[in-house]
Amino acid sequence: MNEHKNTILFIVLSAIILIGWQLIFGLPQMQQRQKEATPTSPPPVTTPTPAPQAPTTPAPSASNAPTAPSAPNAATPSAPTMTREQSLAQSPRVSIETPTLAGSIALRGGRIDDLSLKQFHETVDQSSPPIVLLSPSGGPSPFYAEFGWLPPQGVTLKMPDENTTWTQEGTGPLRVDRPVTLVWDNGEGLEFRRTIAVDDKYLFTVRDEISNKGATAVTLYPFALISRHGTPKIEGYYVSFEGLIGVLEGKLQEEKYSSLDDKKTFSFPATHGWLGITDKYWAATLLPDPKAPINAEFTETQNGVKRYQTSYSLEPITIAPGATAGNETRLFAGAKEVSIIDGYNEQLHLDRFDRLIDWGYFYFITKPLFKTIDFIYHGYGSFRGVGNFGISILIVTMLIKLIFFPLANKSYASMAKMKAVQPEMMAIRERYADDKVKQQQAMMELYRKEKINPVAGCLPMLIQVPVFFALYKVLFVTIEMRHAPFFGWIHDLSAPDPTNVFTLFGLIPWDAAVVPVIGPFLHLGAWPLIMGVTMWAQMKLNPPPPDPTQQMMFNWMPVIFTFMLARFSAGLVIYWAWNNTLSVLQQSVIMRRHGAKIELLDNIKALFVKRKKAES
């Protein structure tokens with residue numbers, strides 16, 4: 001029948017998409033989570049003792065303006081020769097102590113290069129090490145922010161660089177509402193002052209000032225950069241963007257690490273821009289004055305180890321003798337929490353800073369969907385919220401059902417009419433069995449007469465597709481869903497169901513994933529099984545197709561989907577199971593109201609009757 005053909009076509013296409021998705025994303029996610037299960041050592045937060053550092057030679061990059069300098073490549077990348085603790089000990093430091101951040105500022109170079117996120121941990125276990133975001137040069141995975149001034153090309157001045165040791169005015173760590181000031185005198189009439197402040201979240205404000213005590217005016221260019229040595233492991237694969245990002249030249253610019261392997265430099269003259277380097281859940285971004293014109297660059301250099309850099313320089317500032325001039329910029333370095341990102345976007349009048357979170361092409365669905373889930377979770381005003389993201393997903397599923405109820409009502413009503421005219425449809429097929437053209441014409445005439453939409457049965461399923469992918473995106477890219485528990489054995493809605501029927505849910509102590517070839521598919525948790533049962537019940541709600549091949553496809557499709565979704569986020573599987581359950585109830589009520597017989601129990605009975613006959 002036509003409704004079955006359309007449904008089968010949709011299911012086959014969906015299966016192709018989901019199988020490809022599972023192979024491309026599901027298996028790498030499993031491997032990534034296995035790696036994440038091995039914790040790394042926590043970062044030190046004490047102030048280390050200074051030690052000498054070998055100087056490095058800066059490597060120049062391309063520039064847009066003929067006389068303006070480019071931001072320096074502060075260090076030639078090389079393989080790490082020290083541990084993180086040893087690399088931190090290469091410089092005297094000023095500690096960073098806030099409710100959300102721990103780390104230090106290197107006095108040698110004046111860099112912000114040691115930062116851990118106190119509220120986020122490597123695993124669900126809250127005693128596991130905190131997430132390390134920024135790390136110093138010389139150790140493993142250097143990732144840091146640097147600020148300063150550059151003279152015009154061809155002009156020689158003694159300027160602070162990565163080897164310059166600054167002096168802290170006063171003592172004590174950097175805290176909220178307690179900025180620190182660093183000072184350095186070049187001995188040639190220029191005194192440099194750097195004041196660093198931090199809020200209670202992830203925003204640093206860096207103000208650089210120069211006092212000209214000499215006899216001649218000096219012209220300098222302010223710059224800022226974020227540098228990362230080595231290509232990091234990508235968690236998002238094709239699901240979320242990770243790499244160099246910014247809103248420049250009026251549009252979102254995203255360059256993967258692999259893009260810079262081909263083209264070493266991307267230049268963007270821009271106003272009202274921001275730029276940085278983003279991971280799946282964390283990011284470090286530069287936020288210059290939105291009104292200031294900047295010359296921004298994404299660059300890659302290589303000398304044994306690749307180094308990726310986002311940088312910008314501003315228009316030159318001339319400091320007259322006896323005068324003082326300054327420049328202020330901001331650094332976001334932290335977790336990509338939606339409310340915090342949106343708050344900075346509004347507070348600082350930035351251009352689409354919320355796109356630092358990869359909401360994807362379905363931005364208009366994905367972000368509102370998250371906002372709704374988050375509102376139900378947290379509540380507002382007199383509404384206290386449910387306090388569980390899993391419950392929020394279930395409630396949102398019901399709201400989506402209510403929103404699309406009129407469309408579903410018409411769809412299921414049309415399906416009820418299709419059932420009512422089945423005898424006439426079978427008669428037409430028998431009458432024109434040898435003439436497919438006349439058969440189709442007679443069918444279309446019947447549809448017009450009875451006011452039936454032959455593809456109406458596909459509409460409820462089609463409605464689920466954009467919501468399905470939007471929810472997958474929400475679960476995958478929003479840090480709020482990371483390590484968010486549900487009930488029972490689900491401790492992380494963004495991770496697959498940890499139980500496995502192939503180990504009898506933990507009674508057999510072995511890892512099914514080690515089985516050659518088929519091992520990655522031998523993971524089937526309790527929630528995927530529940531989802532498979534609800535999908536099977538939904539399909540049994542309708543009469544079986546007359547064609548044996550179609551019947552076989554319908555019978556096997558819940559099994560195929562159960563295995564495919566087994567490695568998807570538990571939150572997504574719970575949504576799909578709950579959505580199937582609501583669909584069964586909704587379709588049963590609507591079709592009963594239109595006088596159609598509910599086939600669910602009859603189909604289940606027929607299945608067991610056939611098996612008994614086959615056994616006998």
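Helix axes here are lines fitted to C-alpha atoms over the stretch in contact, with angles taken between N-to-C directions. Keep that in mind for the helix views below, all drawn from a predicted model.

**View 1. Helices α6 and α13 pack against each other at about 40°.** Here α6 (residues 389-403) meets α13 (residues 570-593), with the two axes 10 Å apart. Angles under 35 degrees count as roughly parallel, so this angle makes α6 oblique to α13. The crossing is right-handed. On the α6 side, look for Ile 393, Leu 394, Thr 397, Met 398 and Lys 401; facing them from α13 are residues including Tyr 575, Trp 578 and Leu 582. The contact holds seven nonpolar residues, five polar and one charged.

**View 2. Helix α11 also meets α13, at roughly 25°.** The axes of α11 (residues 526-540) and α13 come within 8 Å, and the angle makes the pair roughly parallel. This crossing is left-handed. Among the α11 residues in contact are Trp 527, Pro 528 and Met 531, while α13 brings Trp 576, Ala 577 and Val 584, among others. The contact divides into 11 nonpolar and five polar residues, with no charged ones. Ile 574 and Ser 583 of α13 take part here and in the α6 contact too.

**View 3. Nine strands form an open sheet with antiparallel pairing.** Follow the order β6-β7-β8-β9-β19-β15-β14-β11-β12 across the sheet. Strands β6 (167-168) and β12 (251-256) stand at the edges; each has a single partner strand, so one side of each lacks a neighbour in the sheet.

**View 4. Strands β8 and β9 run antiparallel.** Nine bridges join β8 (residues 190-198) to β9 (residues 203-212). One to look for pairs Thr 195 with Arg 207 of β9.

Conventions:
Residues are numbered from 1 along each chain as its sequence is written. This is a predicted model: local features need pLDDT of at least 70, side-chain atom pairs count only at pLDDT 80 or more; totals for chains, interfaces and linings use all residues. Side-chain values use heavy atoms; hydrogens and water are left out. Two strands pair if DSSP finds at least two bridges between them. Helices (H or I, at least four residues) and strands (E, at least two) are DSSP runs, numbered from the N terminus. Axes are lines fitted to C-alpha atoms, for helices over the stretch in contact, and angles run from 0 to 180 degrees between N-to-C directions. Angles under 35 degrees count as roughly parallel, over 145 as roughly antiparallel, 65 to 115 as roughly perpendicular and the rest as oblique. A crossing is left-handed if the near helix is turned anticlockwise from the far one by less than a right angle, and right-handed if clockwise. Contact means heavy atoms within 4.5 Å. Ala, Val, Leu, Ile, Met, Phe, Trp, Tyr, Cys and Pro count as nonpolar, Asp, Glu, Lys and Arg as charged, and the others, Gly among them, as polar.
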